[in-house]
Amino acid sequence: MRKLNDVLKKTGVEVYREITAVALYSMITSLILVVVVMFVPLMAALLLLPVLYMPLFYGVCYAYHRKTERGKSRLKDVFQGALKGLGPAVVMGFFFVVMALILWSTWWYYGGKEGIGYLAIGVFQTYFVIMALISQFYTFQLVIQEGMGIFKAMAYSVKLFLKFPGYTLGASFQAFCVAIPLVLTVVGFGFLFNGMWAIYQHKVTYNVLNPEEAKPAEDGIAASEARGVSV
């Protein structure tokens, strides 16, 4: 199995090679995110994000997977993936919304109360939400790479997390460390994050699913991949 630092380096090289596709795909999905977050009331946004944003996010992941199969990236793969993965994307979107609501309600209720017991509950709930989110690190890729149904993929992602806890936590931490600077620059997040995430998550998941084959297979892909974006 590749080390995480090696996977991160490979991701960086791939992002550089495919920067046009990464920027284009990220921009398309980010436009939906910006419109919903900035111009839609909060409660409506919580309903629209899983239905509008998450399918496109899934579509970016699907587009990169298709690229690894045929060596060429196409814009229409994003939209085809969004339609094909509408169900899984919506399910995962509402899962994230529920986790966010649990975290918000926990600190809204217990954060204003005095006492170490309330603080302990808040910390435990936060830990629970973080672990629940990390446990789903592989879900989209299991649907895409292995053709699993969404609920089977969610359960198997938990199994992989329990089987490789250090690896999964490390991958999540690396992704977090990359995401924070992009979020702070705003523009960087809009033009890079979704495409970078699709590449990184694909490589990490492939590495876990094929520990003995990951290195030669990915090297072969990198050597044979064509450049550019087709519409």
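F137, Y138, F189, F193 and W197 come together in one aromatic cluster. Keep in mind that this is a predicted model.

**Aromatic pairs**
- Take Y58 and F140: their ring centres sit 5.2 Å apart with the planes at 85 degrees, so this pair counts as edge-to-face.
- That pair ties together distant parts of the chain, with Y58 in helix 3 (residues 42-70) and F140 in helix 7, 82 residues apart.
- Both Y58 and F140 are buried.
- Y109 and Y110 also make an edge-to-face aromatic pair, at 4.8 Å centre to centre and 90 degrees between the planes.
- Y109 is partly exposed, since its relative accessible area of 43% falls between the 20% and 50% cut-offs.
- Y110 is partly exposed as well, at 23% relative accessibility.

**Helix 7 against helix 10**
- Helix 7 (residues 139-146) packs on helix 10 (residues 187-209) at an angle of about 70 degrees, and the axes are 10 Å apart.
- That angle makes the two helices roughly perpendicular, because the range for that label is 65 to 115 degrees.
- On the helix 7 side, the contact uses F140, Q141, L142, Q145 and E146.
- Helix 10 brings A198, Q201, H202, T205, Y206 and L209 to the contact.
- By type, the residues of this contact split into five nonpolar, five polar and one charged.

Definitions and conventions: Residues are numbered from 1 along each chain as its sequence is written. This is a predicted model: local features need pLDDT of at least 70, side-chain atom pairs count only at pLDDT 80 or more; totals for chains, interfaces and linings use all residues. Side-chain values use heavy atoms; hydrogens and water are left out. Axes are lines fitted to C-alpha atoms, for helices over the stretch in contact, and angles run from 0 to 180 degrees between N-to-C directions. Helices (H or I, at least four residues) and strands (E, at least two) are DSSP runs, numbered from the N terminus. Angles under 35 degrees count as roughly parallel, over 145 as roughly antiparallel, 65 to 115 as roughly perpendicular and the rest as oblique. Contact means heavy atoms within 4.5 Å. Ala, Val, Leu, Ile, Met, Phe, Trp, Tyr, Cys and Pro count as nonpolar, Asp, Glu, Lys and Arg as charged, and the others, Gly among them, as polar. Rings of Phe, Tyr and Trp (its six-membered ring) pair if their centres lie within 6.5 Å; planes under 30 degrees apart count as stacked, over 60 as edge-to-face and the rest as tilted. Buried means under 20% relative accessible area, exposed over 50%, partly exposed in between (1.4 Å probe, protein chains only).
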